[in-house]
Amino acid sequence: MSTYLVFLRSINVASRFVKMEALRGHLEAAGFGEVETHIQSGNVRLTSGARSTGKVAEAVETALNSALGFDVKAVVRKPAELLATVEGAPASPLEDGARHYLTLLRDLPGAEATEKLDGWDVDGERLQLAGRDVHVWITKPYNEVKASNARIEKLAGVAATTRDWKVISALAAKWR
């Protein structure tokens with residue numbers, strides 16, 4: 001059994017609410033082992049006999065879509081991948097005090113998407129692609145940001161979910 005970190009998109013927003021205890025139960029019923037969650041935003045650690053992050057994502061989505069009655073997208077990383085992302089984080093290209101987020105992409109974006117993401121230069125916003133991750137820095141309120149998760153997902157052409165850098169760092173330390 002291998003350990004995987006699963007980041008669920010759009011859990012516990014609007015009418016898409018699920019308690020983490022119930023979420024863990026659904027995943028355990030689907031055959032995943034050692035299921036743990038961190039805060040209420042769909043951060044999950046689990047074990048699986050599947051050999052790829054793609055297969056784990058598909059199995060999680062199938063289990064949760066059926067159990068919850070709404071569409072759930074899953075982005076999966078191995079613990080070592082998340083730790084490498086945190087340890088290799090680039091410095092902010094914006095002034096001190098810029099908030100840092102990480103958008104996790106399900107798959108690698110194509111060349112055109114890579115160019116658009118790396119070329120993002122909106123006042124108070126910068127993006128930097130690093131493999132299947134997009135580092136996001138902002139200096140304005142998040143509700144004013146043009147580089148939202150939905151926009152990044154559209155630009156990349158793949159499912160994505162965004163987390164605050166503090167959460168990503170905490171998870172890398174906790175679930176290394």
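**A first walk through the model**

Hi everyone, let me start with how the chain meets itself. Among contacts in the protein (heavy atoms within 4.5 Å) between residues at least 6 apart in sequence, 70% join residues at least 24 apart.

A quick word on what we have here. This is a predicted model, where local features need pLDDT of at least 70, side-chain atom pairs count only at pLDDT 80 or more, and totals for chains, interfaces and linings use all residues. Residues are numbered from 1 along each chain as its sequence is written, and side-chain values use heavy atoms, with hydrogens and water left out.

Now the overall picture. There are six helices and nine strands in the protein; these are DSSP runs numbered from the N terminus, with helices being H or I of at least four residues and strands being E of at least two. The radius of gyration is 16 Å, close to the 16 Å that the globule rule gives for 176 residues, so the protein is as compact as a globular protein of that length. That radius is taken over C-alpha atoms, and the rule is 2.2 Å times the number of residues to the power 0.38. Along the principal axes, the C-alpha atoms fill a box of roughly 45 × 35 × 30 Å.

How much of the protein is buried? Of the 176 residues, 48% count as buried. Buried means under 20% relative accessible area, exposed means over 50%, and partly exposed is in between, using a 1.4 Å probe and protein chains only. As for charge, the protein has 23 positive and 22 negative side chains, and the centres of the two sets lie 4 Å apart. Lys and Arg count as positive and Asp and Glu as negative, while His and the chain ends are not counted; each charge is placed at NZ of Lys, CZ of Arg, CG of Asp or CD of Glu.

Let's zoom in on helix α1, residues 20-29. Which residues of α1 are buried? They are Met20, Leu23 and Leu27. Down the axis of α1 they fall within an arc of 55°, so they line one face of the helix. The arc is that of the directions from the helix axis to the C-beta atoms. On the other side of α1, Glu21 and Ala29 are exposed. The cover over the buried residues includes β1 (2-9), β2 (33-38), β3 (43-48) and α2 (53-68). After α1 comes Gly31, with a positive phi near 100°.

Next, two loop residues. Most residues other than glycine have a negative phi. Asn12, in the loop between β1 and α1, has a positive phi of about 65° although it is not a glycine. Ile39, in the loop between β2 and β3, also has a positive phi, near 50°. Ile39 is partly exposed, with a relative accessible area of 44%.

Finally, helix α5, residues 149-156. Here Asn149, Ile152, Glu153 and Ala156 are buried. Seen down the axis of α5, they fall within an arc of 100°, so they line one face of the helix. Their packing partners are β1, β5 (99-105), α4 (111-118), β7 (125-130), β8 (133-138) and β9 (160-164). Leu155, also in α5, is partly exposed at 21% relative accessible area. What does Leu155 touch, leaving aside its neighbours within four places in sequence? Leu155 is in contact with Ala113, Lys116, Leu117 and Trp120. Gly157 follows α5, with a positive phi near 75°.
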